[in-house]
Amino acid sequence: MNELEELRQENAKLKKRLEVYEDKSEKFIFANRLKQARKIAGMTQPQFAQKLGIVLSGVVAYEGGKREPSMSRLIQFADILDVSIDWLCGRTEKDESRITT
C-alpha cells in the first residue's frame, strides 16, 4: 500500500470519528439546555419528573444525554419550561418563547 492510500484510509477513519462526535454533541446540546431551562424555571429534577408524569430516572436520562425524547415529550418539555423546541434542540441561540418585561 502506498502512502497516498494510507492517508486516504486514515482520513476515512477520522471522518467516521467526527460523525460520531457530532451526533453526541447534538444530544448534549439538548441535554444541557433541558437542564438549564429546568433550573431557570426553578424546578428540581423530582418536581420536573412529577410535572411530566415520569419517574426521576427518566429526567436524569434526558438531562444526561442517554435518552432522546419523542415528539410529544419534546412538546411537553417546551410547554412546561416555556421555551421553544428550536432552542431546546440547539437550532437557535436565542429563546424567543420567554416573555421579558
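Contact here means heavy atoms within 4.5 Å. Helices are DSSP runs (H or I, at least four residues), numbered from the N terminus.

The model is predicted: local features need pLDDT of at least 70, side-chain atom pairs count only at pLDDT 80 or more, and totals for chains, interfaces and linings use all residues. Residues are numbered from 1 along each chain as its sequence is written, and side-chain values use heavy atoms, leaving out hydrogens and water.

**Stop 1: α2 and α3.** Select residues 45–52 (α2) and 56–63 (α3). Their axes, lines fitted to C-alpha atoms over the stretch in contact, come within 8 Å and cross at roughly 105°. The two helices are therefore roughly perpendicular (65 to 115 degrees). Now show side chains. From α2, Gln-45, Pro-46, Phe-48, Ala-49 and Leu-52 meet Leu-56, Val-59, Val-60 and Glu-63 of α3. The residues of this contact divide into seven nonpolar, one polar and one charged.

**Stop 2: Arg-38.** Move to helix α1, residues 3–40, and pick Arg-38. Arg-38 is buried, at 6% relative accessible area (buried is under 20%, with a 1.4 Å probe and protein chains only). Beyond its neighbours within four places in sequence, Arg-38 contacts Met-43, Thr-44, Gln-45, Phe-48, Glu-63 and Leu-81.

**Stop 3: the core.** A nonpolar core joins buried Ala, Val, Leu, Ile, Met, Phe, Trp, Tyr and Cys residues through side-chain atoms within 4.5 Å. In the largest one, of 17 residues, select Leu-34, Phe-48, Phe-77, Leu-81 and Leu-88, which touch the most other members. Elements giving two or more residues are α1, α2, α3, α4 (71–81) and α5 (85–88). Helix α4 gives the most, with four.

Note on methods: Axes fitted to C-alpha atoms, helices over the stretch in contact; angles between N-to-C directions. Parallel < 35°, antiparallel > 145°, perpendicular 65-115°, else oblique. Nonpolar A, V, L, I, M, F, W, Y, C, P; charged D, E, K, R; others polar. Buried < 20%, exposed > 50% of the residue type's maximum accessible area, 1.4 Å probe, protein only.
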